[in-house]
Amino acid sequence: MKTIKHLTILTILTILILPSCTKKEQPQPPPPEQQSMMPAHGDIEMPASEDMKVIIPDAIKGKWKGVILTVIDKQTANAKDYNIPIGGKVAISGSNIEVQTGDFLPDLKIEGNIYSSDSTQLLNPAIQVEIKEGGKELFKGWLFQKFPSVHPFKHERFSITLKEPVSAL
């Protein structure tokens, strides 16, 4: 009788334990705080423009005279390139939009609130711009040639991107 009891208990335990040993568990997603540790490009925190300081190394000064910005009219799908001197201003035809260019950095590096360039090579070209419509500021920040979706200018009708820098040489 004792043997039957022991066999019954052993059988029940085996039935309960074996399925749990062969069951494959699904990996658990990381907690929300771990998911947000690596932001997408569009979510990169940049210092407020009034807190930033642009340092242009001597090797870069005078090397570029301007930039070419591409403006796409989303209503007509027409694209037009504008050659704008660094520090210059241009009005976008068919609109009340004006683009004022600021500093150009061929290899933009951001450390804290310091914007500078690690080299004279076009590794991360960026132009600082201020875009206004009817005198009202719409955008103040940087346009990136290689990463146009990082902090892009957002407008219902126009898209403005950095096509390329214009060399002074």
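## Salt bridges, cores and a cavity

A search of the whole structure finds six salt bridges, a salt bridge being a side-chain nitrogen of Lys or Arg within 4 Å of a carboxyl oxygen of Asp or Glu. Before we look at some of them, please note that this is a predicted model, where local features need pLDDT of at least 70, side-chain atom pairs count only at pLDDT 80 or more, and totals for chains, interfaces and linings use all residues. Residues are numbered from 1 along each chain as its sequence is written, and side-chain values use heavy atoms, with hydrogens and water left out.

### Charged pairs

Side chains of opposite charge can pair when their charged atoms come close.

| Salt bridge | Closest N and O atoms |
|---|---|
| Asp-81 and Lys-163 | 2.6 Å |
| Lys-89 and Glu-98 | 3.9 Å |
| Lys-109 and Asp-107 | 3.5 Å |

The pair of Asp-81 and Lys-163 links distant parts of the chain: Asp-81 belongs to strand S3 and Lys-163 to strand S10, 82 residues apart. Strands (E, at least two residues) are DSSP runs, numbered from the N terminus.

How open are these side chains? Buried means under 20% relative accessible area, exposed over 50%, and partly exposed in between (1.4 Å probe, protein chains only). Asp-81 is partly exposed at 37%, and Lys-163 is partly exposed at 40%. In the pair of Lys-89 and Glu-98, Lys-89 is exposed with a relative accessible area of 52%, while Glu-98 counts as partly exposed at 35%.

### Nonpolar cores

In soluble globular proteins, nonpolar side chains tend to be buried together. A nonpolar core is a set of buried Ala, Val, Leu, Ile, Met, Phe, Trp, Tyr and Cys residues joined through side-chain atoms within 4.5 Å. The largest such core in this model has 21 residues, and those touching the most other members are Leu-69, Ile-92, Val-99, Ile-127, Ile-131, Leu-143 and Ile-160. Two or more core residues come from each of strands S2 (64–73), S3 (78–85), S5 (97–105), S8 (126–133), S9 (136–144) and S10 (158–167). S2 gives the largest share, four residues.

Take Ile-92 as an example: leaving aside residues up to four places away in sequence, Ile-92 touches Val-71, Tyr-82, Ile-97, Val-99 and Phe-158, where contact means heavy atoms within 4.5 Å. There is also a second, separate core of eight residues, including Met-52, Leu-105, Tyr-115 and Val-150.

The whole structure holds one cavity of 30 Å³ or more. On a 1 Å grid over the protein atoms alone, a cavity is a set of points where a 1.4 Å probe fits but cannot get out, and lining residues have an atom within 4 Å of a point. About 40 Å³ of space lies in the largest cavity, its volume being the space filled by probe spheres set on the points, which are joined across faces, edges and corners.

The lining is made up of Trp-142, Leu-143, Phe-144, Pro-148, Val-150, Pro-152, Phe-153, Ile-160, Thr-161 and Leu-162. S9 and S10 are the elements that give two or more residues to this lining. By class, nine lining residues are nonpolar, one is polar and none is charged.

Definitions and conventions:
1 Å grid on protein atoms, 1.4 Å probe; cavity = no way out; pocket = protein on both sides within 12 Å on 5 of 7 lines; lining within 4 Å. Nonpolar A, V, L, I, M, F, W, Y, C, P; charged D, E, K, R; others polar.
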